[in-house]
Amino acid sequence: APMTLGSDGTFYGTTLYRVVNGIMGPWTDAGKVFQIKTNGSFTALYTLPSAMNYKTASLTEGSDGYFYGTSQRGGTPNYGAIYKVSTNGTFAAISYFSGTNGASPQSPLRLANDGNFYGVAYGGYTNNTYPEGMGTIYKVTTSGKITSLFRFAFTSTNGIHPVDLTSGTDGNFYGVTSGGGVSTSQFPSGMGTIFRISTNGVFTTLATFDTTTGAGPNCALIQAPDGSFYGSTGSGGITNSAFPYGMGTIFRLILPLTITSQPKSQTNYAGVTVLFNVVVSSLNPLSYQWQKNGTNLANAGSVSGVFTNTLTIMNITSADEANYSVIVSNSNGIAVSSNAKLTVITPPSLSAQFVSGNLQMNFTGMLTKDFVVQYCTNLSNPDWANLMSVTNLLESPHIFIDPDGMVSPSRFYRVLMQ
């Protein structure tokens, strides 16, 4: 397996065998974990147990300074193991696969930002027809607790036999399966798929291979600076009489913009600050343009954040009532969000004046809403009584006269929106 460059500037790796009594053998099946410095200084750190020494993957350095690895064998009944080794040769097998959570891990562990490792097992999740299983995606802690995140089915459009994982810049993992997906007479087990999985196990099939794009991808994806993923297949593509199954392809996966969380409609009182937010899944830098009723907004006055994923409107008024949306774009394309409606509640107001010896009341409120006007004679211990109700307000201000407002005792008034 390829060596791993440690944070100390030293390379670490494993050997499949160790040799005794000469270069031509005899060989044993007890390989070594080793370190080698850039000046060629070589140190064998640990002799792997013979039961675990079969197709060990590249090592991965953990945040604790240990190097973690997988072996296709180990445990009972030999479904594979996960181990760790320190830079001074302290070794521990931290977990064994059970078949249900995976079997025959062939690829390196991948360290995520949460401090856990993620990986794929070529087999596992078995039945009588497929005793080797179709593979799993799993998480393992530094203490060795394995959690299955996804199990590939036996006849799966999602793919079978995952190859490896690659950490994307969006925090998700991306990978390929060597089989499953679209099948043909030449490839009855399928030609493979490309998938994405989150650290909490949300799985998405992104693409399936066909004879043109390739078949049987056999290595990890690589994410390039353009945000796309690149990889290769062992078959498919151009065929001839010598290579009827194709000579393989090199491919690129371009992910379209995906809005994963739309801005939400909301109703708020006048004078408050409101926020509209959008969440977009993309591996490339994003540009935003918020719109009000389909017209581009600018950062001015009470409006800010029009070129970010969060639009802010301060001290809202009835003039801000509208449908808000956002256009998101980058090199992969353009996505337009759904409309989010802002409804502004303007609290009713009440005023009074004397007109021709009468107390004339004027209240303003939101049209089509229902209101009730109340009064009391003692604010210290108010006992509010209904004076009048207005259903489906058609004009504002609404004017009325209280014939008892000019006589003792004095009255205090308020208006409520129902």
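Serine 356 counts as exposed because its relative accessibility is 74%, where exposed means over 50% relative accessible area, buried under 20% and partly exposed in between (1.4 Å probe, protein chains only). The model is predicted, so to speak of local features takes a pLDDT of at least 70, side-chain atom pairs count only at pLDDT 80 or more, and totals for chains, interfaces and linings use all residues. Residues are numbered from 1 along each chain as its sequence is written, and side-chain values use heavy atoms, with hydrogens and water left out.

Serine 356 sits in the loop between strand S34 (349–355) and strand S35 (358–364); strands (E, at least two residues) and helices (H or I, at least four) are DSSP runs, numbered from the N terminus. Its phi is near 55 degrees, a positive value in a residue other than glycine. Serine 104 also has a positive phi, near 60 degrees, and belongs to the loop between strand S10 (91–96) and strand S11 (110–111). Serine 104 counts as partly exposed because its relative accessibility is 23%.

Two cis peptide bonds deserve a look. One joins serine 396 and proline 397, with omega about 10 degrees, and proline 397 is placed in the loop between strand S37 (385–390) and strand S38 (398–401). Another runs from serine 408 to proline 409, with omega near 0 degrees; proline 409 is in the loop between S38 and strand S39 (412–417).

Phenylalanine 243 lies in the loop between strand S21 (229–235) and strand S22 (250–253), and counts as partly exposed because its relative accessibility is 44%.

The largest pocket is lined by Asp170, Asn172, Arg196, Ser198, Asn200, Val202, Thr204, Thr258, Thr260 and Ser281. A pocket is an open set of points on a 1 Å grid over the protein atoms alone, where a 1.4 Å probe fits, with protein on both sides within 12 Å along at least five of seven lines; lining residues have an atom within 4 Å of a point.
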